[in-house]
Amino acid sequence: MAVGKRLAAARGAWICFQDEAGQVMRPPVAKTWARRGHTPVVKVSGKGSGRVSIAGLVCLKSGRRGRLMWRTRLHCGRKGERGSFSEDDYIAFLDQAHQRLQAPIVLIWDNLNTHVSHRMHALIAARPWLTVIRLPAYAPDLNPTEGVWRWMKRGLTNTAARGIDHLAELVKRRLRACQQQTDLLAGFFASTGMTLEPEPPR
């Protein structure tokens, strides 16, 4: 991460951590309280299926409040339907983030095959404001966006969605709530053990 911090400081860039998550119709399970002998039951319809994919960016800059940006994509299981975000989806998301932040971006993400494809390399090379750093393999504890997903899913526990569109709205509502609580984003970043403060002189 030291390389990313130096680049961001030198170029006035935002450091943006990217990650993906998904939510299906079956709600996350959580523990709760109940009267003895009266186990709470959440009825889930067996009809319909689908998945909501989410791409998220936690954007950080020293002296500024953190920002959360996200995009969703619905998958209904239709024949020939793509089951994940494409390179074009990711680069459109990053272009939008660049416009909103109005500054260069140091992007930190994992080694998902879509992130490292030849097409993605070409798309990144065409954007001089974008610098990419890859996370080590199997290092979710270094990505504050993982904290966003955990927080989002806790708010969906034991909630039965009526359909894929309703599920997408529940996901968006939860993410909007996270956007408004910048202290949460600071906490997610702090949990990684990293800091945006400049290193003291040696």
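User: What is the average pLDDT of the protein chain?
Analyst: The model is predicted, and the chain averages a pLDDT of 83. At least 70 is the score of 81% of the residues.

User: OK, helices. At what angle do α2 and α3 cross?
Analyst: Roughly 20°. Their axes come within 10 Å, and α3 covers residues 118–125.

User: Why is α2 called roughly parallel to α3?
Analyst: Angles under 35 degrees count as roughly parallel. The crossing is at roughly 20°, so α2 is roughly parallel to α3. The crossing is right-handed.

User: Which residues make that contact?
Analyst: From α2, Glu87, Asp88, Tyr90 and Ile91. From α3, Arg119, Met120 and Leu123. By class, the contact of α2 with α3 has 4 nonpolar residues, 3 charged and no polar.

User: Now α4. How close do the axes of α4 and α5 come?
Analyst: Within 9 Å. Helix α5 is residues 164–179, and the two axes cross at roughly 125°. That makes α4 oblique to α5. Their crossing is right-handed.

User: Which residues of α4 and α5 meet?
Analyst: α4 brings Val148, Trp149, Trp151, Met152 and Arg154. α5 brings Val171, Arg174, Leu175, Ala177 and Cys178. The contact of α4 with α5 divides into 8 nonpolar residues, 2 charged and no polar.

User: And α4 with α6, at what angle do they cross?
Analyst: Roughly 125°, with axes within 8 Å. α4 is residues 145–154 and α6 is residues 182–190. α4 and α6 are therefore oblique to each other.

User: Is that crossing left-handed or right-handed?
Analyst: α4 and α6 cross in a right-handed way.

User: Which residues in α4 and α6 touch?
Analyst: Gly147, Val148 and Trp151 of α4 meet Leu184, Leu185 and Phe188 of α6. The contact of α4 with α6 has 5 nonpolar residues, 1 polar and no charged.

User: New topic. How many aromatic pairs are there?
Analyst: The count comes to 3, with ring centres within 6.5 Å as the rule. One of them is Phe17 with Phe189.

User: Why is the pair of Phe17 and Phe189 tilted?
Analyst: Stacked means planes under 30 degrees apart, and edge-to-face means over 60. The planes of Phe17 and Phe189 are at 50°, so the pair is tilted. Their ring centres are 6.1 Å apart.

User: Where do Phe17 and Phe189 lie?
Analyst: Phe17 is in strand β1, residues 14–24, and Phe189 is in helix α6. So the pair ties together parts that are 172 residues apart in sequence.

Technical notes:
Residues numbered from 1 in each chain as written. Predicted model: local features only at pLDDT ≥ 70, side-chain atom pairs only at ≥ 80, totals over all residues. Heavy atoms only, no water. Axes fitted to C-alpha atoms, helices over the stretch in contact; angles between N-to-C directions. Helix = DSSP H or I, 4+ residues; strand = E, 2+ residues; numbered from the N terminus. Parallel < 35°, antiparallel > 145°, perpendicular 65-115°, else oblique. Left-handed = near helix turned anticlockwise from the far one by under 90°. Contact = heavy atoms within 4.5 Å. Nonpolar A, V, L, I, M, F, W, Y, C, P; charged D, E, K, R; others polar. pLDDT = per-residue confidence, 0-100. Phe/Tyr/Trp six-rings, centres within 6.5 Å; stacked < 30°, edge-to-face > 60°.
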